[in-house]
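Hello,

Below is the model we spoke about passing on. My notes follow it.

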Amino acid sequence: MASAEDVKQGFMLSKNQRAGLLSFLSAQGILVFFLISMLAFSLFSEQFLSQSNIMTVVRQASIIGIIAVGVTVVIIGGNLDLSVGSMLSFSTVLVVDLHDKIGPTNAILVMFAMTLLIGAVNGFLIGFMRLNSLIVTLAMLSAIQGLVLIYSGGQNVDIANQGDTWFAFFGRDYVAGIAVPVLLFGLLAVIVQVVMSFTGYGRRIFAIGGNPVAAVYSGIRKNWCVFSTYLISAFCVACAALVLGSRVMGSQNNVGQGYELLVLAGIILGGTSLLGGAGSIWKTVIGVLILGFIQNGLLLMGYPYYAQWLVTWVIIILAVWLDLAYKRKHLFTTHS
Amino acid sequence: MTTLKSFLRGGAFIQPIWIFVIALFVFFSLMSEYFLSLGNINNILVQTSTIGLLALGMTYVMINGNIDLSVGATLGLAASLAVGLQPLGLTVAVLASLAAGIVIGAINGLIVWKTGVNAFIVTLGAMIGVRGLIFVYTQEQSFYASNFAFVDFGASTIGPFPVLAIIFLACTLIMHLVLKKTGHGRNTFAVGGNPEAAMDAGIRIGRNMLINFIIVGFFAALAGVLLATQMGASTPNLGRDYELWTITAVVLGGTKLTGGHGSISGTLGGVLAIGILRNGMNMMQVPAFYVLVILGAILITVLIIDQRLNVPTAKGVRA
Amino acid sequence: MIYKTALATSVMMLSAGLVQAEETYRIGITQNNVGVDSYQTTYESAFEAAAAGMDNVEVVVLDAGGDVARQIGQVRNLVQQRMDAIIIWPTNGQAVIPAIRQAHQSGIPVVVTNSKIAEAGLDYIAAFSGPDNVQQGASSAEMMCEALNGEGQIVQIAGQPGYTTAMERSQGFEDRLAEACPGVEILETQPADWNREKAQRVMENFLTKYDDIDGVYAGDDNMGVGALNAAKSAGRADEIAFIGATNFAVGYEAIGNGEYYGSIYQSPVDDAEAALQTALDILAGKEVPKMNFFETPKITADNLTEFDKPVF
Amino acid sequence: MTAMTQNAEARPVLELVDITKRFPGVVALNKVSFDVRPGEVHALLGENGAGKSTLMKVLAGKHRPNGGKIILEDEERVFDTPKEAKRSGIVLIHQEQSLVPEMSVAENIFLGSTPRKWGNRVDWKRLHADSTEILERLKCDFSSRDLVSSLSIAKKQMVEIARALVFTPKIVVFDEPTASLTDHEKPVLYDVIRNLQAQGVGIVYISHRMDEIFQLSQRISVLRDGEYTGTVNTAETDEESVTQMMIGRSLELDHASKPSEFGGPMLEVRGLTVKGVCSDVSFTVRKGEIVGMYGLVGAGRSEVAETIFGLRHYTAGEIRLDGQVVDFRSTHDAVTSGIALVPEDRKDQGLVLGMNCRDNMTLAGLSTVSSFGFMKSRDERAVYDRYQQAMKIKSPSWRQRVGNLSGGNQQKIVIGKWLHTHPRLLILDEPTRGIDVGSKAEIHALIKELARSGYAVLVISSEMPEVLGVSNRIIAMYDGRVTAEFDADNVGEDQLVQAITGMTGSTPQAAGAVV
């Protein structure tokens, strides 16, 4: 038993010299990991670090990234949103279907309105009715998928004249050499990060996630704040739908299926705690990019697409574990 | 009113979900001539047995205050092994797949115990990773059981009752008794209800959680094997989204996500509610698209009712 | 809305009960995954329309949502409801066999539609009705050969892994290509699960990975158009020949525009009607061959006008 | 008070010798020695953070010491787990509730040592029989089959004590056992302690309350900053010298005088009724006045405060703030109208423990330190610095996580948070619970200071010295009703006790208040 204690002592990260480096690694650990994995992949594949490859990966990651920005806000507020996948299907089908019927501008407006409406339903049930967010958004995942199918009658939707609509801007154009989806992703990430870090609103969301009761006892309108996080999440989904619809110029009814998991994986990998009250948007951005580059890197190295799943399993747990281990100064928990 | 409330709330002799199950049963019996028959009830039991077995283990894990998102993937892996390894003999195949479930459960449990990482994250990782293992093992292929004995087992009956339904109900009974009567079962509540206190009282909470993860892994594998006997085959995508329906069923059955509260009888009710709804709506020819919406709406409704009934215990503060 | 549907259904069942007196056939169908793409949805409505057009047929239409276990349950439910015949669009060519066998043992004839089941199950079905996917793959290979003049490097975007249609088309394509066109090399194959967006991503990765791609074979037009989108944004669409299968409206238009080389014309309406007809023939006691393939011709810019634009 | 002096010279049943415990970066205990004799109550004192709890956790096997010896009945022992310590007869009764709410009383009493039959099955018959026997010994009036979640706080405390009696204990450690008990319930606990003493059990008693310590203990040991400062016989010392040992200086006792100039009524509550919580509650708080609200836990005091603060719906009655009728739908409305509530439970209701000092301090008044929604960090710092200096908050920096501060400093942060909103009415619910004597006096002085500067203050407390010491008037509550109102400077303790325990005929005013 004494030896077990010694082993634990051995893992204690208390040496002063190491503390500086370690605290840097802990704060920026995910960034360091990101750079190392980039380097590793570039050793195995010469195309990996090519400009076109990086652009492709970032562009592909931007849809998940845009959604993840919104979901991160929900998670910082102490809740979850599993309905974003179905919501993405809903919004994409809606905007693509309406494009030819009422014109791109109206289609976009209606789509944003409807998506925000769904976000408001989530927000109402979780913020005002105070129901458990995991279960509510799980139920909404199913219900919204049903709504999409009812709306479209199960048919794919398409935009007829793909060549001559300015709707193509969101998914296919470039501004200053950077793809619009990437710009949108970056813009949203910066705006939301600024809101979360530098505004009273952001402070309130962090407080609610950290201790909802104390937030209410401090006069914060928790109901409204939680409600609003779901509007933000829905807004981000609507932006993602804009990109997705414009990129594909068509949509299947299940196009967003499984996105909620990729989004969650990216957020967790970035290091935002599911318990709420902590986290940041830029970490989520890094997390999402890591997932994208791992997928791409493994494919370039010739591994089958499912190899990334195994890697994701390992790195998600490792990332969260090491973060925890650093905080408690022990690699392992001590209880039996 | 208060008596009705306390009647609905009090787990004294009937749980609210069972009232719902009975109501559904009566409703569909009136709506469809085919619904109320021994054959159909057997069908419902067989169809719910898969989610049901997953839910048995999930109930334990959730009472523990954890969650397991990897059950669907574990089920898929077990099914693939149970079919794919049949050239080595049926017994080997079945034992190997059950062992795989136990190992995955143990891995999840050990990680949760030793690293202290939230079970949601650990099993989310496993859910993605184990699916990868299935694809590595099967090379994306479906497997087919050449041995019809395997399939015949899945279709066999004892008296008028299908074997699969009997296995499910027997497991339910055992799990109910273990939870209610044994030290392990009671410790499961203690660990979920107040881990700190349980630890101080000398309950080995890590070990308790590990055992429960092993249990849920075992049941996921068992469900996979039994599902494979129904199909005589396995597909790499088998079990996708099952975790969502399993959690839904367990929550419908009254188990709290926060841990420390729940029951197997409630879970059985939750599983049957979903099974009867699906079966009944099939019988009534409700279009598949609407079924999704209805299931979602019912889940939210039950959640609201449950919350309204439990308001007094929340001290009535608008916090 | 829901209430109305319930009411309508019960009214329908009530009236069905009345008609039953005069020798109505009750046919149950369980589909793979309606709503996942238009082909399946159109199939469903075509099937319902065809059945509604006959007064001696009552149909129960179910959807397995892509889940094998649910489909097995549905077959059991249909057996339970004592259908006269069951039509199944298998979610998986192997896993549904025991359920089919069970239906067979309870004396209900089973017709498999659209996607074949494995050898072992053929004994238990009354007939198969659908396209010949191996032949489709082979036809696509011939078109590819033609488009590239027997020389070049191509990539393949396949359908959902483990799904019979996907495997048969791939197999037909690869076998015929090797045989007819040894000069064409397949650089890589990746699945895109019948999903246009996924296909677009897969193609984007191919385009960065390979500087020289002469052709793309996609398991259906939905994915093919996704690949075309990707190539267009990369400015490389002109140098690549796109060949798909199951001609979709977008694919039809792309062929018209000259962006897309060719595809296989496969009508879900034909598919659905053939399946229902096969079932009815069996019930009427006619002699029906085990394998009933309906025509699925090649479609290219040359013969485009001979075909109607698909409705999906 | 019962003389246990015959044990005074008995050999110690337990000795802790030179115990040292280090946590990363901190020495929590430095060579601390301590002993307990059979049948003795040995009080352990020290300010929060002095190391009392750590020492007891070392004793109970929750922490392993880095140095030193634990000698139990002349035998050196090492406890790896709380269970081992328990089996050897050392029981810790926790400050925090360590019960499992959804389990029965019996299961909680025997948690971790439930009697079993073959097959790991719980032996329910024995479990309940044994539990009932223990509950009877403690004169408890609830059943072993009751769910713990249905019990009152005091009864839960009894379950915790019952748990201590499962193994014949040699040493029982009470860590702040009366923190959540009212004056009415304390005597029951004292009886239990004396009963244990009579059986020869050694008691370690940790408390901040001097009156209790002097009433119960035979010896007092004091810790300061992880160091042992000495042991004295209770009979030979007094409060002042013990306090000096604790804080290392003589205490500036709360000599500040109570406010005496009152303005018009700030808060008027008339006939307030909340279903199932309180009924027909009426009282007034004037500007510049401190009103004490005194009653047992569960009498509805906190609930009245929560109702005023917009946390509960009321079914009848009226609340006037500065003459205006108000009905707040949320705490936000209450805060913007100038009400502040320092809640009962600092950690759960008062603070976001993961946030730093500054962010907690400005949380209730974010709009005052932001423009166009953006935080002005310089203003925020200024707010923090102002209150940090004014209240002498001990924190290394504004970046310090609040969770790492001591209880007294945490409470000051909560008070600072509300002062920053410049409220018209300040409600403090148990403002000094679990706070060491030094901080307590400072907080009392602060409350008076605030009232003098014009705040209307309502102080809710279950400590009689506190309500008597700080308030101008005292409102007594019992069972959701106001039973009496007193002038704090002219009331006897017996009158107060009668008023809060529902005894009839206490005072003429009381008779008038009860409708």
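R186(B) touches E107(D), T114(D) and V122(D), leaving aside residues up to four places away in sequence; two residues are in contact if their C-beta atoms, placed from the backbone, lie within 7 Å. The model is predicted: local features need pLDDT of at least 70, side-chain atom pairs count only at pLDDT 80 or more, and totals for chains, interfaces and linings use all residues. Residues are numbered from 1 along each chain as its sequence is written, while chains are lettered from A and ligands numbered from 1 in the order in which they are written.

R186(B) sits in helix 9 (residues 183-193) of chain B. Helices (H or I, at least four residues) and strands (E, at least two) are DSSP runs, numbered from the N terminus. R186(B) has 25 other C-beta atoms within 10 Å and is therefore buried (20 or more count as buried, 12 or fewer as exposed, and in between as partly exposed, with C-beta atoms placed from the backbone). Its C-alpha atom is separated by 40 Å from that of L88(B), 98 residues apart along the chain.

Next, chain A. Helix 4 (residues 84-102) and helix 5 (residues 104-128) of chain A pack at about 155 degrees, with their axes 8 Å apart. Axes are lines fitted to C-alpha atoms, for helices over the stretch in contact, and angles run from 0 to 180 degrees between N-to-C directions. Helix 4 and helix 5 of chain A are therefore roughly antiparallel (over 145 degrees; under 35 is roughly parallel, 65 to 115 roughly perpendicular and the rest oblique).

Then chain D. Strand 11 (residues 219-224) and strand 12 (residues 227-233) of chain D pair in the antiparallel sense over 6 bridges; pairing requires that DSSP finds at least two bridges between two strands. V222(D) has G230(D) in strand 12 of chain D as its bridge partner. The hairpin of these strands has 2 residues between them, and D225(D) takes a positive phi near 50 degrees there.

Chain D also has an open sheet of 6 strands in the order 18-21-22-15-23-24, with mixed pairing. Its edge strands, each pairing on one side only, are strand 18 (339-342) and strand 24 (481-487) of chain D. The twist averages 20 degrees from one strand to the next. Within chain D, strand 15 (residues 290-295) and strand 22 (residues 456-461) run parallel, joined by 5 bridges, and V291(D) stands opposite L458(D) in strand 22 of chain D.

Regards
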